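Please read the points below alongside the model.

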Amino acid sequence: MLFENNLPFALKLDEEDELKSYRSAFHIPRSESGEEILYFCGNSLGLQPRKTINYIVQELTDWANLGVEGHFHAKNPWMPYHELLTPSLMQLVGAEENEVVAMNTLSVNLHLMMVSFYQPTSSRYKILIESDAFPSDLYAVESQAKFHGFNPNDAILKIKPRLGEELIREEDIAELLEKEGSKIALVFLGGVNYYTGQVFNIRTITQMAHEQGCKVGFDLAHAAGNIPLNLHDDGPDFAAWCSYKYLNGGPGCLAACFVHNRHAHNEELKRFAGWWGHNKETRFNMRHDFDPIAGAEGWQLSNPPIYSLAAMKASLSIFDEVGMINLRRKSEKLTGYFEYLLDDIADNRIRVITPSNPDQRGCQLSIQVLNADKTLHKTLTEMGVITDWREPDVIRAAPVPLYNSFEDVFKFVELLRKILST
Ligand SMILES: *Cc1c(COP(=O)(O)O)cnc(C)c1O
């Protein structure tokens with residue numbers, strides 16, 4: 001597509017945008033002077049859907065009026081409340097019945113999944129992870145290795161970009177798996193790397209890892225709601241993601257988990273158990289041996305926080321309506337325009353480290369600004385642009401197709417150009 005670097009062109013793209021009406025379904029934060037902020041941090045905390053408050057008030061009202069009876073007689077009975085989210089989650093990540101559940105928070109789910117899918121032996125005990133993984137993921141795998149009596153320096157295998165490069169090459173993952181595969185118990189990668197925005201091919205990596213006899217899991221914190229996913233067909237053993245980034249569930253909102261159906265009925269699989277994972281028919285009889293629900297629900301521990309589920313339900317209803325295919329279509333165009341405008345600044349201090357191939361990225365671009373320091377980020381913030389700064393010199397900015405406009409992208413890049421030229 002041929003882009004132009006001017007405001008009327010950006011406004012024309014907004015006019016033609018089939019999803020433009022969704023911006024008004026969200027609260028756009030405003031500056032002290034009352035102007036809408038240019039919000040590019042939906043990869044960190046998504047904006048609040050206007051309907052969320054009604055979903056939460058509904059549950060507060062039912063609690064006020066019904067007390068404990070709300071578990072069965074609320075408008076949305078709390079006992080099976082999480083089940084109301086399952087169809088939307090299935091759509092979102094391409095899962096089958098029984099493969100997904102909303103529960104806990106992300107790092108907790110990663111641990112629960114590793115309890116089941118990281119079963120090291122003396123000869124196969126390594127975990128393969130990106131060198132630049134999100135800190136929580138790194139802490140999780142290191143502590144899991146230690147828990148099983150291994151030295152993380154030996155057990156954690158980090159795949160790095162080549163010297164002088166920012167992105168990890170799939171061929172390097174393939175080579176490492178061929179060389180070390182028989183020692184690797186678990187391959188655990190981000191679906192989209194949080195720092196570079198690079199997408200990993202879930203299907204290819206899963207196939208390569210399974211051929212080596214490894215289990216495979218993905219952290220989809222930056223993938224869910226950002227790129228279309230087909231978890232069942234692509235076949236990883238598990239995946240987990242939070243719902244406060246692209247999924248707009250709100251700060252600390254519950255996470256979700258995927259367990260492939262090939263494990264649904266395997267009662268031999270080790271797991272940490274709680275009553276919410278127990279057979280629903282006999283859960284309240286209280287005196288039964290643990291009888292896990294088949295599928296992902298069997299990994300639940302506690303009865304879940306309903307207000308958080310309500311916020312997730314509100315947000316997922318928007319994804320149901322729009323669909324990931326339509327969202328992705330706009331996203332590719334919006335991020336494509338963003339990239340074009342950044343290139344057009346024609347300042348060799350600026351370099352986008354995110355892959356330029358749309359198939360290898362979501363909406364986020366990670367912009368390296370040579371010799372910049374955090375004052376650049378501060379200046380942007382003062383000018384009403386919310387982005388995310390990563391040391392030493394990277395701005396992460398995510399134009400989110402549900403609520404960001406082509407005008408937002410144009411104005412942001414104009415401001416960046418101005419700051420750099422002063
Ligand atoms: C955001 C994020 C987390 C955050 O974990 P919480 O348990 O939700 O605090 C973990 N891992 C990745 C890759 C993330 O992007």
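1. A polar contact is a pair of N or O atoms within 3.5 Å; within protein, one must be able to donate a hydrogen and the other to accept it, and residues adjacent in sequence count only if both atoms are side-chain atoms. By this rule, 10 residue pairs, both at pLDDT 80 or more, are in polar contact across the interface of domain 1 and domain 2.

2. The model is predicted: local features need pLDDT of at least 70, side-chain atom pairs count only at pLDDT 80 or more, and totals for chains, interfaces and linings use all residues. Residues are numbered from 1 along each chain as its sequence is written, and side-chain values use heavy atoms, with hydrogens and water left out.

3. The domain assignment (bounds from an automatic or database assignment) gives domain 1 as 7–43 + 323–421 and domain 2 as 57–320. Their C-alpha centres lie 29 Å apart. To the contact (heavy atoms within 4.5 Å), domain 1 brings 29 residues and domain 2 brings 20.

4. About 2000 Å² is buried between the two domains, 60% of it from carbon and sulfur atoms; buried area is the accessible area (1.4 Å probe) that two parts lose on being put together, summed over both. Within domain 1, Asn43, Met324 and Ile353 lose the most area to domain 2, together 26% of what that side buries.

5. One salt bridge is counted between the domains, the term meaning a side-chain nitrogen of Lys or Arg within 4 Å of a carboxyl oxygen of Asp or Glu. The side chains of Arg351 and Glu166 form a salt bridge at 3.1 Å, N to O.
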